[in-house]
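User: I'm new to this one and would like a walk through it. Could you show me the structure before we start?

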Amino acid sequence: MHRLTRSLVALIAIFAALVPASAHADPGGGSGIVDVRPLGGRQYEVTVYSAAMGRNIPVWVSHPDEPAPALYLLNAVDGGESGGPWSNRTDVAQFFADKPVNVITPIGGRASFYTDWISDDPALGRNKWSTFLIHELPPLLESHFQMTGRNAIAGASMSATSALNLAIEAPGMYQAVGAFSGCPRTTDAMARNFVRTELSLFRANAANMWGPDNNPAWDAHDPVINADQLRGVALYISAGDGASGVHDSLADPSIGGNVATLADRMAVGGAMETVVRSCTDSLVSRLGELGIPAQVAYRNGTHAWPYWQDDVHDSWPLIAGALGV
């Protein structure tokens, strides 16, 4: 009996050593990698403690098992928390399975615009995402996964604006940016209402993000106003027009023959993409005035994941060229 008890104690000790760290573990007082869990093939779930936010952030990584540059792929408005991240909603795991690049997707950041908020929010807590993405996460992953220091960043919907703003905030850090179906304006009434609508889905208060309307943080996060700071970055910018496109039919796998799903796609996704197109026109026009080249993908279509999967495929040659792979 005592021998059995000792065996159980030993097994429990072994099991405890294998269990990932707790949800809010602090690895020694600063940001750090808490856990790395293989998911099969070249995919990993990496748990990273953010000292700026005081919590652990799960990060999906596709690593080619050799030194390679990085593509940071940001989730849409739910942060990948409810509907799932890019790897669940698109074919990115398969698409990048043979390509010499690390693909990195933080899980979390719903309605955060992946920016540093000026105040903690009752609904979302503490958001210091630009600090995490620019200062905390890259050196940790570069060390652990043999990254080369060359980076690109892309995002869809909410995070398309984020990708542009992060490149503006960190000059020289990103060699390419993909902005898929985003509204890259934050200073006019329509754009601010669009921002507030996205945040309201999660009961978040935009005043906690960039303050009241007269706070200069709104202008500081407007890629149209700050477009000149994108000079030298390879840019891929996409938007639909809100009308029916190739993925807006009963035959499309994302609709699956469901009439109600298609109706919702056209009503909600169509309206959203109409706003997105107007915002995108402003950025494209400003880039043209400044003589900054960009690959612009205009199309028929709504605000939906199948189009953003297409954007990943279509933007890859531009991004790969900028990364030197």
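What follows is a set of questions and answers about this model.

User: Before we dig in, what kind of model is this?
Analyst: Residues are numbered from 1 along each chain as its sequence is written, and side-chain values use heavy atoms, with hydrogens and water left out. Local features need pLDDT of at least 70, side-chain atom pairs count only at pLDDT 80 or more, and totals for chains, interfaces and linings use all residues, since the model is predicted.

User: How many residues does the largest nonpolar core have?
Analyst: A nonpolar core is a set of buried Ala, Val, Leu, Ile, Met, Phe, Trp, Tyr and Cys residues joined through side-chain atoms within 4.5 Å. Buried means under 20% relative accessible area, exposed over 50%, and partly exposed in between, using a 1.4 Å probe and protein chains only. Val59, Ile104, Phe132, Leu137, Leu199 and Leu235 have the most contacts inside the largest core. Its total is 57 residues.

User: Which helix gives the most to this core?
Analyst: Helices here are DSSP runs of H or I with at least four residues, strands are runs of E with at least two, and both are numbered from the N terminus. The top contributor spans residues 158-169 and gives seven residues, and that's helix 5.

User: Where does helix 4 bend?
Analyst: The bend at a residue is the angle between axes fitted to the seven residues ending there and the seven starting there. In helix 4 that angle is about 45°, and a proline, Pro138, follows within four residues of the bend. Several residues of this helix are buried, including Phe132, Pro138 and Leu141. The bend sits at Leu137.

User: Is Ser159 buried or exposed?
Analyst: Ser159 lies in helix 5. Because its relative accessibility is 0%, Ser159 counts as buried.

User: What type of aromatic pair do Phe96 and Trp316 form?
Analyst: Rings of Phe, Tyr and Trp (its six-membered ring) pair if their centres lie within 6.5 Å; planes under 30 degrees apart count as stacked, over 60 as edge-to-face and the rest as tilted. Phe96 is in the loop between helix 3 and strand 5 and Trp316 is in helix 10, 220 residues apart. Their ring centres are 5.4 Å apart and their planes are at 85°, so the pair is edge-to-face.

User: How many residues apart in sequence are the parts tied together by Tyr114 and Trp129?
Analyst: These two rings are edge-to-face as well, at 5.3 Å centre to centre with 85° between the planes. Tyr114 is in the loop between strand 5 and helix 4, while Trp129 is in helix 4, so the pair ties together parts whose separation is 15 residues.

User: Is Asp65 buried or exposed?
Analyst: Asp65 lies in the loop between strand 3 and strand 4. Its phi is near 60°, a positive value in a residue other than glycine. With a relative accessible area of 55%, Asp65 is exposed.
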